[in-house]
Amino acid sequence: MKRSIKKVAVLGSGIMGSRIACHFANIGVEVLLLDIVPRELNDAEKAKALTLESPVVRNRIVNDALAFAAKSNPSPVYNPSVLNRIKTGNFEDNMAAIASCDWTIEVVVENLDIKRKVYDQVEKHRKLGTLITSNTSGIPIHMMTEGRSDDFKKHFCGTHFFNPPRYLRLLEIIPTPHTNQEVIDFLMHYGDKFLGKTTVLCKDTPAFIANRVGVYSIMSLLHLVEKMDLTVEEVDKFTGPALGRPKSATFRTTDVVGLDTMINVANGLYQNVPNDEARESFVLPDYVKKMQENKWLGDKTGQGFYKKTKDKDGKTEILALDLKTLEYRPQNKVKSATLEATKPIDNLRQRMKVYAAGKDKAAEFFRISFSGLFEYVSNRIPEISDETYRIDDAMRAGFGWELGPFEVWDSLGVKEAVEMMKANGKTPATWVIEMLNAGNSSFYKVENGIKFYYDIPSKSYKAIPGQDAFIILDNIRANKTIWKNAGTTLTDLGDGILNLEFHTKMNTIGGEVLAGINKAIDIAEKDYRGLVIGNDGANFSAGANVGMIFMMAVEQEWDEINMAVKMFQNTSMRLRYSAIPVVVAPHNLTLGGGCEFALHADHVQLHAETYMGLVEFGVGLIPGGGGTKEFALRASDAFGTDQIEQNILKDKFLTIAMAKVSTSGLEAYDLGYLLKDKFSISMNRSRLIADAKEKAIELAEAGYTQPVHRKDIKVLGKSGLGMVYAGANTMRSGNYISDHDQKISQKLGYVMCGGDLSAPTLVTEQYLLDLEREAFLSLCGEKKTLERIQSIITKGKPLRN
């Protein structure tokens with residue numbers, strides 16, 4: 001692994017090329033983004049009397065593509081500043097510049113002749129020994145190396161990113177027979193550690209792994225819809241979160257990606273897999289053909305399986321397509337006893353069993369669709385992969401499935417699922433029956449924290465390679481748990497480091513989580529070197545349990561609320577002032593109280609995709625777990641710079657008052673939620689707990705000492721309050737905020753300014769915590785606050801601006 005990537009050339013600036021360039025810029029790599037030269041002027045260029053030789057014209061295509069990508073939502077960049085790492089140009093004027101690049105990625109149109117012409121130019125300019133890869137999704141990789149030099153062939157490989165590259169974790173690596181093993185190993189490692197991807201080694205077969213299985217799954221479902229007389233709404237309800245799939249499920253996802261994209265892949269598969277036993281599944285149903293003719297391709301054409309429109313009152317309404325009449329109609333509510341039965345079950349593997357055992361249409365759909373899927377994936381070994389885990393990895397990372405097909409099969413019981421398949425006219429591959437006959441009852445098993453897969457050639461279990469870089473809590477919890485309560489589990493990670501994970505709904509914070517943190521610190525201080533707080537859930541934490549606060553406020557149990565808030569504050573402070581280093585490892589939603597825990601940690605090891613914020617203002621409160629205190633403290637620490645103190649306070653105040661949530665881990669620093677030198681970013685979510693453990697060891701071995709409580713926090717008193725009150729009054733006069741928002745703003749400002757002190761004063765953390773708690777309690781009694789909290793509870797959504 002001596003190879004180093006400092007500069008990358010991306011050839012082609014379309015949807016994928018521009019966003020691949022952005023993602024390399026996200027991780028700090030310099031990027032050269034090139035595309036073709038326009039063949040004619042547009043109207044704006046003609047009006048300016050420009051010519052085809054004008055530099056701005058020659059780079060118009062690439063510059064427009066990058067500008068479009070930068071403005072797209074969701075954003076392909078962690079922060080707009082990373083775009084400065086991307087330099088643009090064109091194939092004719094700037095191809096020679098790839099000589100300075102360590103890796104050239106071709107992302108031009110899916111036409112082999114065009115790709116070969118690009119490679120002719122690449123051969124002239126690339127430095128020997130540098131990487132050259134293609135992002136193709138449909139052209140056989142080996143065909144691209146025909147007629148190329150030996151050095152080109154040795155360093156050429158397929159690198160198939162999924163769109164959007166920043167967010168979808170899959171990177172398929174497809175070597176040719178000529179590709180050096182060193183190149184394969186490097187790409188697998190680099191994609192994992194630096195690009196944050198689940199790298200899956202694929203064979204050079206049509207559509208590789210994820211699209212082969214994923215498009216089969218979608219196409220077989222499109223045919224099943226007709227057979228079972230299912231509606232668009234039913235399918236999306238049956239194949240969404242209840243099944244461990246994305247909320248956009250099937251038809252909404254197709255609308256987002258584009259029906260034409262799915263059709264192109266399906267048509268390509270039909271042509272290129274003549275021996276596939278399920279080939280007829282790739283034939284388009286009549287209603288899909290009609291949608292294609294009508295150009296109902298999804299979001300890109302304004303309508304697909306769904307259509308956004310306005311009702312008679314001007315309100316936005318999303319209509320669903322009736323697949324029989326091909327007319328749009330209001331959506332119907334989907335009811336299913338099986339789905340209702342799965343709701344209380346958090347464990348997805350257990351939920352699958354309930355799904356399979358149901359008696360209604362949802363359960364029948366499950367049994368038929370998964371019977372077909374199990375047959376298909378078992379028959380794809382060894383065609384597209386020799387191992388089950390590569391197929392499961394690809395489907396989780398590329399299509400957002402929480403469980404891959406073989407993992408679902410295991411959850412049902414392999415033998416039991418085979419019987420289900422027989423009942424639905426499906427048969428597993430011979431190797432599955434041989435596995436069962438040999439007394440092996442599952443595709444996977446975990447022993448001593450290591451996950452093993454059933455290896456078909458050797459008919460034995462082998463450890464899945466690469467696990468040493470990850471700590472998977474599911475694999476070690478059974479043997480390494482040293483304490484737990486209803487909301488948390490404390491696990492020994494080894495080397496003197498503990499990990500505390502939350503497992504409440506959305507990892508919200510209530511009494512059991514606070515008790516768990518304090519117990520974890522007690523145990524760690526006595527017998528261990530450090531503590532990590534992190535989990536493998538969908539989100540780190542959606543914040544405090546607002547339902548609990550609501551109930552106590554309705555009952556006017558003010559002493560109970562005061563005690564709960566004080567316990568929260570004390571827990572946050574204990575994170576900072578314990579005798580051992582505490583590393584918090586957030587990912588995805590890290591809101592409210594979850595953010596406050598990160599604010600008080602010795603170090604924050606966060607995933608690149610962390611959406612962090614103090615969002616309490618949105619329900620009529622202020623941060624009450626030490627967050628308001630902490631922002632006053634951080635404002636004080638920034639005083640003395642060349643900025644005016646009131647302006648520093650204003651920035652901190654507005655971050656809370658506007659409930660700002662970072663759109664990335666990097667932006668969390670820009671918003672002030674992270675401190676310089678006290679945070680690190682893990683690109684790969686799977687490495688997060690292991691990285692946090694290493695940081696805890698590093699802090700312990702550096703001679704960690706218990707910090708001293710702060711007594712030197714400068715607050716501005718009335719001079720700061722005047723600014724806050726004036727701003728709030730102006731916003732209210734302009735009807736930009738409500739009376740209640742004005743009141744919350746004044747309460748927030750009162751705490752951050754240290755009260756109505758007559759002059760700037762140095763205060764303690766406890767002084768600010770007492771003000772924070774008093775303000776929080778007073779707002780809990782407000783009718784508007786209770787109404788907002790009740791609205792959040794009713795909608796079942798996390799508190800987020």
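# Why the labels apply: sheet, helix and rings

User: What is the strand order of the open sheet of seven strands, and what kind of pairing does it have?
Analyst: In this predicted model, the open sheet of seven strands runs in the order β15-β16-β17-β18-β19-β21-β23, and the pairing is mixed.

User: What makes β15 and β23 edge strands?
Analyst: Each of them, β15 (481-484) and β23 (679-682), pairs on one side only. From one strand to the next, the twist averages 20 degrees.

User: How do you know that β15 and β16 pair?
Analyst: Pairing requires at least two bridges between the strands. Three bridges join β15 to β16 (residues 488-494), and the two run antiparallel.

User: How do you know that the span of helix α17 agrees with its number of residues?
Analyst: The 12 residues of α17 (residues 388-399), at 1.5 Å a residue, should span 16 Å; the end C-alpha atoms are 16 Å apart, so the values agree.

User: Why is α17 called mostly covered?
Analyst: Of its 12 residues, 10 are buried, including Y389, I391 and M395. After α17 comes G400, with a positive phi near 75 degrees.

User: Why is the pair of F366 and F370 called tilted?
Analyst: Stacked planes are under 30 degrees apart and edge-to-face planes over 60. The planes of F366 and F370 stand at 35 degrees, with ring centres 4.6 Å apart, so the pair is tilted. Both residues lie in helix α16 (residues 361-379), four residues apart, and both are buried.

User: What makes the pair of W409 and F443 edge-to-face?
Analyst: Their planes are at 65 degrees, over the cut-off of 60, and the ring centres are 5.0 Å apart. W409 lies in helix α18 (residues 405-412) and F443 in the loop between α20 (430-437) and β12 (444-447), so the pair ties together parts 34 residues apart in sequence.

User: Why does W409 count as buried?
Analyst: Buried means under 20% relative accessible area. W409 has 0% relative accessibility, so W409 counts as buried. F443, also at 0%, counts as buried too.

User: What makes R245 a charge over the ring of W401?
Analyst: The distance limit is within 6 Å of the ring centre. R245 lies over the face of W401 at 3.6 Å from the ring centre.

Note on methods. Residues are numbered from 1 along each chain as its sequence is written. This is a predicted model: local features need pLDDT of at least 70, side-chain atom pairs count only at pLDDT 80 or more; totals for chains, interfaces and linings use all residues. Side-chain values use heavy atoms; hydrogens and water are left out. Axes are lines fitted to C-alpha atoms, for helices over the stretch in contact, and angles run from 0 to 180 degrees between N-to-C directions. The expected span of a helix is 1.5 Å times one less than its number of residues. Buried means under 20% relative accessible area, exposed over 50%, partly exposed in between (1.4 Å probe, protein chains only). Rings of Phe, Tyr and Trp (its six-membered ring) pair if their centres lie within 6.5 Å; planes under 30 degrees apart count as stacked, over 60 as edge-to-face and the rest as tilted. A charge sits over a ring if NZ of Lys or CZ of Arg is within 6 Å of the ring centre and within 35 degrees of the ring normal.
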